[in-house]
Amino acid sequence: MAEYTNVENMQSSEKAKRTLGSRFCNTMDKGGVPEDFFWRSFMSHLYCMKKYPQLTMVQKEQLKELMLRLLSEKDFSESSHIDAFSELLTVLTAACEKKLQATMHESMVLIEDVKGIIGRHAIDVSVATDKTENLISLGGDPAKIIAKVRNVFKEVIQKMEEDTNSLEAMILRDGLTGVSNRRGFDLFMQDAVKQWENDNTPVALIMIDVDNFKQFNDRHGHRIGDQALKVVAQHTRRVADKYSDAHSKLVPARYGGEEFSLVVVGRRANDVAAIAEDLRGIISRFSFIIRDPDGSVLESSIHITVSLGASKLWKGWSGAYVENLVDSADKALYFAKRAGKNRLAMFTPDQETQYTVFDPSNS
């Protein structure tokens, strides 16, 4: 009886697939898609990609828009096929290229740090060599000379060990602000998602972007711009420490440029909104002074603001969880910017309006 039921279910599933395929073929017929292998297979591929768990929600929306546009424009020429295929590749590879650029930037910074360490060690070895030659030239008891030479190189080895530990930390830390870098963010997010999958521990992400940062840089210069980024990182770290406890952990990171992130593990959505609003208010109220290299005050009462986009891990994504979390938080950030900046927007998949913008005057 069970075998009969399984066969019946399989037949029902196959029938549903054929019906769905038939409907899409009818849609292509109505849309004027030519009965051409390249166009039919391409459009079918776009249609089926909505089921791919490896793709993010944003990518699926972009592919849907591409398919609807092709059906609307009804341009099924060879050049249109080439353009559409190029757009498909861009959608599929954009996230990887962005991550690659961030990794390359971090690698270049790390290379410069390593060069500095190697340079210091070269000097240390040179000094140790001179001390050794001096000890030998002075003569004396060979055993004592060997003991002194060992002490000289013991200091060099100790410095190398210290720099090795520092290098391990530098790989995961942003050199300018001191918070985690993109690599550190990625590693922590992978662990957080695994924890969420194992025991359903809530995981949320707050993306933070400095408002009008280009204009701020153009007006005050890059040195002052770097100071502003340090201020944002400092307050983000303090907020992370403030809300971290035995049951929750908050990890700040510099995601890239003037964009920061705050991963929140173990907190409900309402708590995440309160944390984000607290951070936004602290930064907007902070006033810092611009000084020249000599310490003289150039300008006081300087204020910066940030816009924030928050999201939480959602079972409805059915895969690509890290990428979907970042994309949805980024999209929420876009809504916060569009609503006037210096405010928070949250991805709320359980509500009719998927993105909710918070009024800062109510906080």
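Here are a few friendly questions and answers about a predicted model.

Q: At roughly what angle do the axes of helix α2 and helix α3 cross?
A: Let's start with where the helices sit: α2 covers residues 37-48 and α3 covers residues 57-73. Their axes come within 9 Å, and α2 passes α3 in a left-handed crossing. The crossing angle is roughly 145°.

Q: How many residues of the contact of α2 with α3 are nonpolar?
A: On the α2 side you will find W39, F42, M43, L46 and Y47, which meet L63, L66, M67, L70 and L71 in α3. Among the residues of this contact, no polar and no charged ones turn up. The nonpolar count is ten.

Q: Which strands are the edge strands of the open sheet of six strands?
A: Follow the order β2-β3-β1-β6-β7-β8, where the pairing is mixed. An edge strand here pairs on one side only.

Q: At about what angle does helix α9 run to β7?
A: Helix α9 (residues 269-285) lies across β1 (203-210), β2, β3 (259-265), β6 (306-312) and β7. In the sheet itself, neighbouring strands are turned by 20° against each other on average, direction ignored. For α9 against β7, the angle is about 160°.

How values were computed: Residues are numbered from 1 along each chain as its sequence is written. This is a predicted model: local features need pLDDT of at least 70, side-chain atom pairs count only at pLDDT 80 or more; totals for chains, interfaces and linings use all residues. Side-chain values use heavy atoms; hydrogens and water are left out. Axes are lines fitted to C-alpha atoms, for helices over the stretch in contact, and angles run from 0 to 180 degrees between N-to-C directions. Helices (H or I, at least four residues) and strands (E, at least two) are DSSP runs, numbered from the N terminus. A crossing is left-handed if the near helix is turned anticlockwise from the far one by less than a right angle, and right-handed if clockwise. Contact means heavy atoms within 4.5 Å. Ala, Val, Leu, Ile, Met, Phe, Trp, Tyr, Cys and Pro count as nonpolar, Asp, Glu, Lys and Arg as charged, and the others, Gly among them, as polar. Two strands pair if DSSP finds at least two bridges between them.
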